[in-house]
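Dear colleague,

I am passing on a structure that you have not worked with before, and I would be glad if you could look through it alongside the notes below.

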Amino acid sequence: MSKKDLSVFSIAATYIGTVVGAGFASGQEVLQFFGYHGVKGFIGLLIAAIIFVVYGYIILLLGNMLNATSHYEVIMKAGVPVFGKIIDYVIIFFLFGAFTAMLAGTGAIFKEQFGLPTALGSVLMAVISVMTVLTGIAGVISAISFVVPILLIGVFVVSLLAIIYTPEIAAIGRISMPINAAVKNFFVSGIIYASYNLLMSVAILAPLGNQTSTKSKLKWGAIFGGIGLGFGATMILFAILTNMPQVSQYQIPMLYIAGRFSNTLKLVYSFILIAEIYTTAVGNLYGFAARLTVTKNLKYKIYTIIAGGVALVLSRFGFSKLVHYMYPLAGYAGIIMLFGLTYGLSKRNNTT
């Protein structure tokens, strides 16, 4: 694809696709980072959306300026090399961690929706993901572009029903349990939520910025992408707050909410969610293995299979626990990355 081929829609859709995964679509991320804060969660979400727009654009712009083919070039050349190496290792670690969370998320859906063993869902997702990465993932970007609009429609429908059928809309947010939140302060929660998602997304956003020669497309792609993410998360937050505290007992909150209105809607949403988990799992596993070695050789295949097996074992910790403990850690690491990118951009601007 030449630099002039990528449209604003493609940039925004790919941006949303890199962030939207099992945690987002299930509602577990929104619950952990915003739902437990009650109405203050909306303030945290606004902060997160602003960061998505600003730093999404910075990463895309640096990718364009550096002709990046991976996150490594942006991380190493934009900031201080020593910090760049540390962040590179952190990204590799959390790509693997996010893949593990995807396996756990599939297991949770199989248990809560189908009444099947958690391990069965995790094993199936691990096998399918490993097989896909081993045989090539050229179609993954197309899969993301196909699934994301459907997912956002599903989120909108379920959330809208939750809002419409809430007897007292003014009661939203009365229940606040920040002690249960992944990050106890709602303001910091918004920062952490955006930073860990950007940490996981830089592997795609950096080379994405190199796919167009028009910087205005990158700007509007980041704006629409950030707004789309903020809108989707806001709808999920509305749905969660109208179903508190019952919804907090479920690993997949959005499936519980969908089930309140229709078993068919719940079933459809579960398949949409599984499809989104698949695209995210494949992207994370590929990013992890491809960063460790050259693709399409024997070592790459071995790393992919081993990573799938180890992640499967670790997924037994459970989806909600992985979100609660692993994602905030990634967020704090992401903040360091954002500082480095800010420094790198200002340094390049001062030298040009």
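The notes that follow go from the whole chain to single residues.

Please keep in mind that this is a predicted model, in which local features need pLDDT of at least 70 and side-chain atom pairs count only at pLDDT 80 or more, while totals for chains, interfaces and linings use all residues. Residues are numbered from 1 along each chain as its sequence is written, and side-chain values use heavy atoms, with hydrogens and water left out.

The chain has 14 helices and zero strands, where helices (H or I, at least four residues) and strands (E, at least two) are DSSP runs numbered from the N terminus. Of the 352 residues in the chain, 55% are buried; here buried means under 20% relative accessible area, exposed means over 50%, and partly exposed lies in between (1.4 Å probe, protein chains only). The chain exposes about 14,800 Å², of which carbon and sulfur atoms supply 70%, with accessible areas taken from the Shrake-Rupley method with a 1.4 Å probe and, for residues, only the protein chains shown counting as cover. Among contacts (heavy atoms within 4.5 Å) between residues at least 6 apart in sequence, 85% join residues at least 24 apart.

Turning to the aromatic residues, there are 15 aromatic pairs, counted when rings of Phe, Tyr and Trp (its six-membered ring) have centres within 6.5 Å, with planes under 30 degrees apart called stacked, over 60 edge-to-face and the rest tilted. One of the pairs is Tyr15 with Phe52, which is edge-to-face because the ring centres are 6.5 Å apart and the planes stand at 80°. Tyr15 lies in helix α1 (residues 8-19) and Phe52 in helix α4 (residues 41-65), so this pair ties together parts that are 37 residues apart in sequence. Tyr15 counts as buried at 0% relative accessibility, and Phe52 is buried as well, with a relative accessible area of 3%. Another pair, Phe114 with Phe271, is tilted, at 5.9 Å centre to centre and 45° between the planes. Since Phe114 lies in helix α6 (residues 81-114) and Phe271 in helix α12 (residues 263-292), that pair ties together parts 157 residues apart in sequence. Phe114, at 28% relative accessibility, counts as partly exposed, as does Phe271 at 49%. Tyr15 and Phe52 also belong to one aromatic cluster with Phe33, Phe34, Tyr193 and Tyr196.

Both Tyr15 and Phe52 are in contact with Gly226, which also meets Ala49 and Val53 when neighbours within four places in sequence are left aside. Gly226 is found in helix α10 (residues 215-241) and is buried, with a relative accessible area of 0%. The C-alpha atoms of Gly226 and Ile51 are separated by 8.0 Å, although these residues are 175 residues apart along the chain.

Finally, helix α13 (residues 298-314) gives the most to a nonpolar surface patch, with six residues. This patch, of about 720 Å², is made by Leu292, Leu298, Ile302, Tyr303, Ile306, Val310, Leu314 and Phe317. Patches are made of residues with over 30% relative accessible area and no salt bridge, like charges being joined within 9 Å and nonpolar side chains (Val, Leu, Ile, Met, Phe, Trp, Tyr) within 5 Å, and a salt bridge is a side-chain nitrogen of Lys or Arg within 4 Å of a carboxyl oxygen of Asp or Glu. Not counting residues up to four places away in sequence, Thr304 touches Val130, Val133, Leu134, Leu285 and Ala289.

With kind regards
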